[in-house]
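Work through the exercises below with the sequence and the structure at hand. Each task is followed by a solution in steps.

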Amino acid sequence: MFGQVEAFAGDPILSLNDSFKADPRAEKVNLSIGVYTDEQGRLPVLGSVRAAHERIGFAERPYLPMEGHAGYREGVQTLIFGAGHPALAEKRVATIQTLGGTGAVGIAADFLAKHCPGRTVLVSDPTWDNHHGLFQRAGFKTATYPYWNRASRSVDFDGMVKALEAAAPGSIVVLQPVCHNPTGVDLNEAQQAAITDVLVAKGHIVVFDMAYQGFGTSLEEDAAFVRRYAERASCLVANSFSKNFSLYGERCGGLSVVCRDGDEAERVLGQLKLAVRRSYSSSPMTGGLLVATVLGNDDLRAQWTQEVETMRTRMDSMRRLLAEQIRALSNEVDVGFLTNQRGMFSFTGLTEQQVTAMRERDGVYLVGSGRMCVAGLTEANVPRVARSFVEVSQA
Ligand code: LMR
């Protein structure tokens with residue numbers, strides 16, 4: 001009956017993570033999947049989340065509504081837009097709880113497929129591979145706009161502007177506003193303003209995918225692009241709490257649609273609820289309660305903000321440490337990119353062949369594109385990673 005079913009080629013990130021787990025070498029280093037680990041290489045349980053867990057305990061578990069937990073949705077809105085944002089004051093943002101950031105992008109794609117069908121979806125080149133997959137699953141064709149300038153290891157801004165200007169009016173454009181995955185390079189404020197002008201003039205529909213809020217500069221500053229954009233035009237914003245709450249397996253995310261007015265927002269919210277109902281009915285509760293409790297309590301929220309800051313500064317110091325140790329081994333390898341890029345990822349410029357050599361010979365796992373998750377570096381493993389990096393770079 002299923003004889004014709006093709007084998008799954010594997011996911012470039014999740015399947016690689018499975019291979020890492022199966023690797024018997026004790027000295028292996030996981031710099032593949034976008035997961036933050038602490039200096040001991042462990043997934044942190046944040047103190048704020050632990051305190052929230054004690055507060056919520058375990059009580060009955062009714063279904064959440066299709067749109068998710070009310071306090072959670074409010075927390076999403078104030079975190080992304082800031083409490084005084086005009087779009088919130090005017091009650092024109094429709095927000096739902098989603099199954100992580102992936103679920104948010106997936107529901108955004110389903111919503112757009114139904115209400116804005118037949119448009120081209122443009123994603124950055126390169127991007128998180130699943131952007132293509134999620135929009136294609138919803139029935140769209142995906143194309144790319146230039147983003148990465150290999151020679152300068154920075155944003156190909158002119159190429160990006162030209163492509164967005166040349167795209168059909170009303171195209172769907174997926175933008176990562178901060179901590180771009182996989183390159184680690186973001187638009188600066190002037191570039192954000194210029195891109196906003198192009199997007200608004202062309203009537204493009206922007207889907208912001210913000211999975212790393214707090215890992216760039218701060219929770220507030222990382223949201224600045226989205227906040228300014230939402231003052232100018234309607235847009236969709238997918239966000240994730242996987243990384244900044246260290247709640248990967250709880251699948252906590254959100255989707256917010258900024259609308260023209262309150263009436264439009266009500267109708268959009270209804271359609272988002274329907275999209276959720278048709279897909280999985282409603283979100284699970286425990287993770288939602290944890291996030292809602294932290295975001296809804298001033299003390300816990302302040303504690304959490306500090307914990308996000310701790311994660312961010314550790315990643316920055318690991319970038320510097322790796323750059324130093326590579327430089328100590330060789331001054332022929334340019335490591336400026338490590339400290340110029342930000343967030344969880346660095347785009348190393350290593351070829352797939354070099355990445356394979358690091359994995360097979362040294363047990364150092366990077367994604368095939370050359371993406372390194374700097375959040376997996378520790379003082380203990382940096383010497384091994386530096387050596388491996390220099391050896392494959394000079395081979
Ligand atoms: C990543 O890019 O490694 C993370 O966002 C995890 C994922 O779902 O791919």
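The UniProt record, in an unreviewed entry, places the feature "domain: Aminotransferase class I/classII large" at residues 27-388. The model used here is predicted.

**Exercise 1.** Describe the span of residues 27-388 by its helix and strand content and by the separation of its ends.

Solution. Start with the secondary structure: the span is 47% helix and 15% strand.

**Exercise 2.** Determine whether V385 is buried or exposed, and find its contacts.

Solution. First locate the residue: V385 belongs to helix 16, residues 382-394. Next apply the cut-off: a residue is buried if 20 or more other C-beta atoms lie within 10 Å of its own. V385 has 25 other C-beta atoms within 10 Å, so V385 is buried. Now set aside the neighbours within four places in sequence; V385 is then in contact with V29, L322, V364 and L377. Finally, compare with I13: it is 372 residues from V385 along the chain, and the two C-alpha atoms are separated by 19 Å.

**Exercise 3.** Which residues of helix 6 are buried, and how are they arranged around the axis?

Solution. Helix 6 covers residues 129-137, and its buried residues are H131, L134 and F135. Viewed down the axis, they fall within an arc of 90 degrees, so they line one face of helix 6. The elements covering these residues include helix 5 (100-115), strand 3 (120-125), strand 4 (141-146) and strand 7 (172-175). Just after helix 6, G139 has a positive phi of about 105 degrees.

**Exercise 4.** Repeat the analysis for helix 10, residues 224-232.

Solution. The buried residues of helix 10 are F225, V226, Y229 and A230. Their arc around the axis is only 125 degrees, which puts them on the same side of helix 10. They pack against several elements, among them helix 3 (70-81), helix 8 (189-202), strand 9 (235-240) and strand 10.

**Exercise 5.** In what sense do strand 2 and strand 10 pair, and over how many bridges?

Solution. Strand 10 spans residues 252-258, and strand 2 pairs with it in the antiparallel sense over 7 bridges. As one example, L99 has C252 in strand 10 as its bridge partner. To finish, check the burial of strand 2 (residues 93-99): 6 of its 7 residues are buried.

Conventions: Residues are numbered from 1 along each chain as its sequence is written. This is a predicted model: local features need pLDDT of at least 70, side-chain atom pairs count only at pLDDT 80 or more; totals for chains, interfaces and linings use all residues. A residue is buried if 20 or more other C-beta atoms lie within 10 Å of its own, exposed if 12 or fewer, and partly exposed in between; C-beta atoms are placed from the backbone. Helices (H or I, at least four residues) and strands (E, at least two) are DSSP runs, numbered from the N terminus. Two strands pair if DSSP finds at least two bridges between them. The arc is that of the directions from the helix axis to the C-beta atoms. Two residues are in contact if their C-beta atoms, placed from the backbone, lie within 7 Å. UniProt positions are given in the numbering used here, feature names are shortened, and annotations may be inferred rather than shown by experiment.
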